[in-house]
Amino acid sequence: MDALLTDIATVVGPGNVLTGSDVSARRVDWMSGEPCRAGAIVRPADTDEVAAVMRLCHAARQPVVTHGGLTGLVHGGEASPEELAISLERMTAIEALDPIGGTLTVQAGVPLQSVQETAATEELQFPLDLGARGSCTIGGNIATNAGGVRVIRYGMMRQQVLGLEAVLADGTVVSSLSRMLKNNAGYDLKQLFIGSEGTLGIVTRAVLKLQPRLPSERTALVACPDFDALTALLRHLGHRLGGALGTFEVMWDNHYRLLTEESGRHAPPLPLGAPFYVLVESLGLDPERNAAQFSDALEAALNDGLIGDAVLAQSTTQRDALWAIREDIEGLLQTLAPLFTFDISLPIAEMATYVEGLETALAHEWPKGRLVVFGHLGDGNLHVSVSVGSVSHEVRCAVERLVYAPLAQLGGSISAEHGIGLEKRDYLSLSRSPEEIALMRTLKRALDPHHLLNRHKILPPAPEDTP
Ligand SMILES: Cc1cc2nc3c(=O)[nH]c(=O)nc-3n(C[C@H](O)[C@H](O)[C@H](O)COP(=O)(O)OP(=O)(O)OC[C@H]3O[C@@H](n4cnc5c(N)ncnc54)[C@H](O)[C@@H]3O)c2cc1C
């Protein structure tokens with residue numbers, strides 16, 4: 001690798017090829033305290049440099065792993081000493097804001113929060129939002145097809161991208177930077193790269209679709225008496241608020257209790273004891289109209305018995321305090337450690353039965369085990385945390401089987417929004433048919449025949465995969 005690194009240094013500058021302790025001083029990702037194990041970290045400044053680096057790596061058959069903000073939750077950024085990490089941390093330029101077309105063109109290393117803040121300067125918004133907003137990058141959001149807390153209103157990352165540019169494994173630059181909403185000139189190539197977790201190309205730039213800013217956000221935490229009431233509330237708010245329903249985030253009582261009373265991390269805004277707590281939000285243009293519509297809808301839900309109790313945020317501080325409970329992933333990890341976390345999707349109507357079944361199965365194997373559930377219920381997405389006192393490989397496999405196995409029958413998915421990475425690839429066949437997996441392999445071989453880009457991520461290794 002040394003000769004290759006010397007050549008790469010002539011492209012990116014010697015200060016942008018990190019080796020030794022400069023590599024191991026970095027963490028492999030946000031979740032893990034483990035040091036980065038990549039053979040080196042290369043930090044290109046622009047698309048030309050990424051392309052030149054990839055041409056050299058292609059000639060040397062050097063496998064690479066792309067690094068964005070490293071907040072991914074499925075070990076997608078993990079690199080072995082035989083792999084080079086290509087970090088987009090210097091590619092943070094915001095290139096063009098078009099307020100008329102409502103588009104923003106950025107380099108892929110820009111943090112999500114910077115994009116949100118830039119959009120706001122023109123009374124626009126970039127609606128993708130998630131807890132890791134300060135660290136995750138647009139390239140990472142595209143690569144993972146990120147979801148988050150506004151999917152119910154605006155869709156996933158896929159829906160926010162008009163165009164993108166990617167560097168292929170051999171260094172070819174595919175610039176598909178369309179700024180139009182409509183462009184049916186042949187295959188929509190950007191879709192190949194969105195959600196492919198860096199296995200088909202390195203995303204270097206993107207054109208993002210901005211939305212009109214809806215300055216009025218009304219937020220409430222409500223308690224639901226049972227699962228039927230919860231799903232009825234979702235339908236009720238959908239009808240009463242129409243397109244204004246911006247969030248429907250559910251916490252099972254075990255999640256709410258853990259982060260409030262049990263850990264003492266947050267004062268409980270509503271008394272404990274209800275089976276479900278929901279963070280709901282209504283987005284609107286006119287503050288008075290939005291507030292009236294929201295409180296009317298909640299009052300009707302209260303009268304119909306869909307909710308037992310509710311607290312409405314009266315200020316930004318109160319709103320932030322409600323969100324802080326839902327977004328306290330760190331609290332969850334600290335209080336429940338050691339634990340396994342899962343991101344799954346399934347039809348909403350099946351969720352209560354699924355969770356009850358999982359609870360029973362876990363209690364049978366580990367009577368002292370803990371199960372904590374929350375999620376973007378309106379999107380059919382649950383985040384499931386399981387703590388059974390050990391995270392050994394054997395225990396992990398046993399827990400994974402219990403969590404994933406029922407999903408195939410229910411038509412659910414082993415990954416709702418985090419992707420497959422290394423963590424879930426052995427279970428891919430539970431959510432994808434043999435024909436779908438074969439087509440994925442065909443695409444991978446066509447674009448990256450030497451398996452240089454994020455090798456062995458998403459698809460389990462096949463004999464012909466050696467670089
Ligand atoms: C507190 C917290 C909350 C979170 N909440 C959510 C949530 O609500 N919804 C959600 O979907 N996710 C969530 N995540 C997961 C994570 O933030 C997303 O997956 C995010 O999109 C990853 O972006 P990143 O820049 O950190 O990517 P990284 O972690 O650096 O990379 C993720 C994957 O994408 C690849 N990749 C990165 N950049 C590029 C690029 N430019 N080109 C090609 N491949 C690339 C990497 O190789 C890797 O496989 C959360 C994470 C944390 C820590």
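What share of the contacts in the protein with a separation of 6 or more comes from residues 24 or more positions apart? Such residues account for 72% of these contacts, where contact means heavy atoms within 4.5 Å.

Before going further, note that this is a predicted model, in which local features need pLDDT of at least 70 and side-chain atom pairs count only at pLDDT 80 or more, while totals for chains, interfaces and linings use all residues. Residues are numbered from 1 along each chain as its sequence is written, and side-chain values use heavy atoms, with hydrogens and water left out.

Now display the whole C-alpha trace, which spans about 70 × 55 × 45 Å along its principal axes. Next, colour by burial: of the 467 residues, 52% count as buried, that is, under 20% relative accessible area with a 1.4 Å probe, protein chains only.

Then select L233 and F248, the residues with the most contacts inside the largest nonpolar core, which has 53 residues. A nonpolar core here is a set of buried Ala, Val, Leu, Ile, Met, Phe, Trp, Tyr and Cys residues joined through side-chain atoms within 4.5 Å. Staying on F248 and leaving aside residues up to four places away in sequence, you will find that F248 touches, among others, I152, L230, L237, V278 and H376.

Finally, move to A9, M54, A119 and L130, which are included in a second, separate core of 50 residues.
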